[in-house]
Each structure stands twice: as structure tokens, then as C-alpha cells.
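User: Please take a close look at one strand of this model and its pairing with the strands beside it.

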Amino acid sequence: MKKIYLLLFFSIFQFTVFCSNIEGKWLFESIRSERDSQEIDLKPISKGDFLKLNSNGTFEYEISKINLVANGKWQINKNSLFLNYTKPSDTLRIYLITAEDNNLVLIENDVNYSFKKDTSRLYTTTAGFSFKNIVRGILGLITLLLIAFICSRNRKKIDWQLVWKGLLIQIVFAILILKVQFIQNGFEWLSSVFVTTLSFTRDGSLFLFGNIISNTDSFGFIFAFQVLPTILFFSALTSLLFYYGILQKIVYLFALLMKKIMRLSGSESLAAAGNVFLGQTESPLLIKPYIDQMTMSELLCLMAGGMATIAGGVLAAYIGFLGGSDPIQQLFFAKHLLAASVMSAPAAVVASKILLPETEKVNEDMSISSEQIGTNALEAISIGTTQGLKLAINVGAMLLVFIAFISMANYFLNDFFGNITGINVWIASITNGQYEGLTLQFILGYTLAPLTWLMGVCSEDMVLVGQLLGEKTILNEFVAYVSLGELKASGRFFEERSIIIATYILCGFANFASIGIQIGGIGALAPKRRTDLSKLGILALTAGTLACLFTAVIVGMIL
């Protein structure tokens, strides 16, 4: 019996070691067929064509010259590799596998697929807590608190007890979501609801646009016919849930928790909780009767919460964009995007109460406004669809214009000034080709790189994430997520955790355009406060940015 157990143990151990040895990124060397003792090349291989076997059981590969991109799930059984494809079509293929050192060969019938391990740009991850990450995270937290303290308008009145409670809530949320299994399962279930709902949007898009949405891998087509429609559907769904009062009940529970722990006013608690689910102009509807009487500190808290979180419609769009058509990747990013939105709500309170502490008496009442979207369910859906259409058109237009401005700025910086001065050659050499010359991305990346390193990003990726943070703040988070998706797809990141931390950094509406959106949106609900809203605009942007960074640094400590 002992021999059987021992044999079983070594079999499992050998299987585990074998699986871990083939995980990673493999570069294609050849695809050849052995017929009549002759080797024949079947498909043209380009430099950079790869097969990636991920530790979570998913795979993806690309052969660029024939525009072949595939993904799905993989598993090992004895000496066979099973690839269960989801793209380009649902099918199962079985390969005989041999792996030695950094070489891998897959054999299917008489076809040999040869690979060499990519040891230059492998994703690396750290299992469990890392002392180095915790120390760097503490340094990052101190730096962010120092920035907030320096920018504060009344340093003597800062309620440090509220600050520590807010940060503690964030840390507890992060540990529960990322480390406690049953909480993880709950968030994954909630994420699966979002992913499933994305499939409903796809059905609507298929009816309207037909096969045009599935017959191309072009980003423009995916964005126009798959990403933007999710904004429409989620906006309508949110309006329907708001009309039936379901969303208000969920918000009330979150608000009650924050009010009890952080001793906030009733309106602040409702607004902060509402921003987890609603956008920066929809959430104030929950507290419409209170806005006229809110103190300046409460008003900043309302604005900062809107800056630090994102609406359900664009959250769904980011899930679809970052996860592509792969349900596993969609689920992965859905969990982190949801976690980011939840964690950033208390972070926004912390940042705003440091920047502008409360010094006046506040209203403790926490009754939700009876303001409704529509007089019946159909009207609520119609209003939500119209609002979603405006948002989708606005997002598309903003992307078009901002990316065009980036291109124009880069023309003058790179093609004009950089070429004349010769600085382009110098930049290309010092960045090892990561940047081809003097561009907006290069300037933002290197300016903000030290800050992203403090967030927990490795030194190899800190410039890339610095670039993304700059794009989000100056332009908007959608532009930054577009860049993140492109960098991720091209394998530019050294560590996978850098992609995750970047996802948290970008998850918020904190950009200059949002100042105008809030002045217009909240100002329409309380015209008397429009001047106060404009006075607090830059401070709200600072608080929203700091809130996203608080969330990112805490996640970086425990990821």
C-alpha cells in the first residue's frame, strides 16, 4: 500500500512539474510536415509569433502572416496536450508533446510544431505576500498621504481617525477580495453576472449589425460594434433597476456601513456608495434634495467619489475590451474592475477629507431621494437608452478627438523637433527601442514612472504604467485603457501584476474633462452651487486621482 501511495505521489509530482515546465510564452520556430523522409514548411513563421500557456489553464497563440489568432483552454493528460479552442472556432485538438529545457515540440499526425521558450519577456508573478512589496507599499502610502497633506486647505482640522479608518476599510476589502476564497467566489459570481450580461448585449448587436461584429479582429470594429453597445445596454439596465428601487436598496446598505464606520453625513454616505454603481452625474440624483445645503467639504466628497469610480456602463465596456472575446479573461478583469470601484469609494472619502476637512455641522439624515428615472418601466428603459446613447457617442467622439490630438502633438514633438535636434536617436538608444523618439507617451511615462514604482509596479514596467496614468489624467481613462489593451496584446509588460495594478490605477473618471462634466451635471441639479463646484474642480480631480492611487498601492502590497 505504501508503494502505491508513493507511486501516486511521484506521479502527481511529476505531472505538476511537467505542467509548470511548459507554462509560459513559447516562440514559434517552425511548422513542418515529414512526408517521404522530407521536411516541408507548411506555414510562414514571423519573428514574434508565439504560443502562450498560462498558469490559469488558458492558452493563446498568434501567427501574424496568415492573421491567425487563437485562444481557449489547455490541459495535460500523460504525454498529450489538449487544446480546447474558443477562437477561431469551437474545436478540440490533441497534440503529442515533448519538452526539453527551453525547447517544445507538438506533434499532430505528421505535422511538427517547434517552439523555443521566450526567456526575455516572460511574465513573472509573486506568490503570496512579499516583504519587499509591503515595504514599498507603505512608502507609497506615506508619499500619497504627504501629497494630500501638502495640498490640504486646512491641515490643522484633518480628522486622522477618519483617514486611518478609511485606509483600513480599503486594506480589509483588498484582502477579502484577493485572498479570502469564499469572498473571491462571491466577487467571481458577481463578475460572471457582468460577463453573462455582456452576452445579452452581443445578441442585440448581432441582430442589428449581423456578422460584421464577429468577422473581424480589427480594434475599430470591436470597439464600435461590441464595446459601445454595452454602454447602451448597461445604461438602460441601470435605469430600470433605479426605477424599481433595487439599486437604491443596495446603495443604502453600503452607505449605512460607511456612515457607521467613518462617521460621515447622510448625504456623503449615500453619494459615496452610489458612485460604486452609478456615474458621476447619476449618483447625485440619490441626494438631490441635499445638494443645495451641503457644506463645501461634503460637496468635495461628492465630486471626488465621482472622479474615483466608474459607471456600470463603461465598466462593462472595459470588461469587454480588456477581456476580448475570451470569457475567462473577461471574468478575470471583471473581478478586478469591480474590486477597484468598491475600494475607491472609501479612498475618495479619505482623500477629500484630507484636502478639505469638515468644519461645519452636517445633516445626519440618510433618506434616499424619491427622484425617479421615468414614470414607468418602459420609460425608464427609454431614458436609460437615450442617456447611454449620448454617453456612447460622447466616448467615441472623445476618443477620436483625443487620439487625434495625441497624434498631432507627437508629430510636432517627434517628427519635427525630435528629428531636427537628433533627440529621437538618443531616446531610442536609452530606452532600448521601447520609445522611438520624443513623444507624449515618452514624456508622461518617464515623468510619472517614480510614482508608479511606489504603487508596486516593477522597474521594467514603471514607465509604461506612468504613460497610462498620464494619459488617463490629461485625456481620459478610456484612452488609457485603449493603450493598456494594446500594450497587453503586444506583450510589452514584464510582469502580469503590472497589468493588474494599472487596471486599478486607471479605474476612475479623474481627468480634466470630468471637471466640466460635474459642473454641468451636478450644477443642473443644484444651480445655486455651480460656482462652488467650479471652485472645487481641481481639488476634486486631485482627490479622485489620489483615491485611485491609494487603491492601487494597497493592491500592489498584497497582490
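Analyst: Two strands are said to pair if DSSP finds at least two bridges between them, and the strands themselves are DSSP runs (E, at least two residues), numbered from the N terminus. The model is predicted, so that local features need pLDDT of at least 70 and side-chain atom pairs count only at pLDDT 80 or more, while totals for chains, interfaces and linings use all residues. Residues are numbered from 1 along each chain as its sequence is written, and side-chain values use heavy atoms, with hydrogens and water left out.

The strand in question is S8, which covers residues 103-108. On one side of the pairing, strand S7 (residues 91-100) runs antiparallel to S8 and is joined to it by five bridges; Asn103 in S8 is the bridge partner of Glu100. Strand S9 (residues 111-117) also pairs with S8 in the antiparallel sense, here over six bridges, and within this pairing Ile107 stands opposite Asn112 of S9. S8 and S9 form a hairpin with two residues between them, and Asn109, which lies in the turn, has a positive phi of about 60°.

The side chains of S8 alternate along the strand: Leu104, Leu106 and Glu108 point to one face and are buried, where buried means under 20% relative accessible area, calculated with a 1.4 Å probe on protein chains only.

Technical notes
Buried < 20%, exposed > 50% of the residue type's maximum accessible area, 1.4 Å probe, protein only. Helix = DSSP H or I, 4+ residues; strand = E, 2+ residues; numbered from the N terminus.
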